[in-house]
Amino acid sequence: MKKSLATIFLLLTVVFSVFLVGNVVTKADEEITKLDKPTGLVIGETEDSYYVKWNAVENADSYYIALLMGDKLLYEMPTNETMLEIGKSYVDTGLIPEGTYTLEVYAVNSLYSISSDPSTIEYTFSNQQTTTPANNGTVVVKKASFKKVYAKKKSAKKLKMTFKSIPKYANALNYKYEVKAFSSKSNAKKTKKALVTKYFTKAKGTINSKKLKNKKNLFVKLRYRVNVKYNPAPGKINIALYAREVVGPWSAIKKVKIKK
């Protein structure tokens, strides 16, 4: 009898254990079909950055942030944190234009490929600088200058020239020499009615144009153009690479007497 009771008790224990395990497995495998939208969304600023933060959402493993101006999506950023910083340099340098934006934050569960409805907030970004550096304060393009400019004869339509090389910058992607030719010094001073505009990638070049033919004098000016790489600092918006062109001042006007 004792043996029979022990056997029955053992069987009941096994059955109950299987029942418990089954319930645990079922609960663990229960599919997540909906996420709550983030709450507590606030945006503010420190001395050198804007910040957005929100409360964590249950079952979310990441968040997606969208920055819109009107209906236009300007930036989108994924993050595993419940806070995002945006450096003020983005606004001060024009990478994010001044204006009122809508910021949307979504909770995401990548395992089940679902996201929540967005929490939204509006904010006006404004330039903190009275004057905007041309290039994030990292590159100041110097005034350009010619080495030599000449035309062989009046009947020719070619103008040959060499320039002083553009200084090399660590965060520059490429360099260009911009040359404009004018028929009068007055137009050259005003940068108005250029006969020809030409771009070169080396510190020398030739302008070949019918507009240069049969001129007694030509007036030329030069400036440097540098395409500058902009990489956000760690912890800021995760944008791999931005590039913007930085343009230097015009050179002194060079008068070219055309030989007969």
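Predicted model: local features only at pLDDT ≥ 70, side-chain atom pairs only at ≥ 80, totals over all residues.
**Notes on the strands in this model**

1. Three strands make up an open sheet, in the order 9-10-13, with antiparallel pairing. Strand 9 (146–150) and strand 13 (204–208) are the edge strands, each pairing on one side only. From one strand to the next, the twist averages 15 degrees.

2. Have a look at S209 too, in the loop between strand 13 and strand 14 (217–230). Is S209 buried or exposed? S209 counts as buried because its relative accessibility is 15%, and the cut-off for buried is under 20%. Setting aside neighbours within four places in sequence, S209 is in contact with K157 and V196.

3. Earlier in the chain there's another set of pairings to trace. Strand 1 (residues 42–45) and strand 2 (residues 49–53) are antiparallel and pair over four bridges. These two, strand 1 and strand 2, form a hairpin with three residues between them. To find your way, look for V42, which stands opposite K53 in strand 2.

4. Strand 2 also pairs with strand 5 (residues 83–87): five bridges join them, and they run antiparallel.

Key
Residues numbered from 1 in each chain as written. Heavy atoms only, no water. Pairing = 2+ DSSP bridges. Axes fitted to C-alpha atoms, helices over the stretch in contact; angles between N-to-C directions. Buried < 20%, exposed > 50% of the residue type's maximum accessible area, 1.4 Å probe, protein only. Contact = heavy atoms within 4.5 Å.
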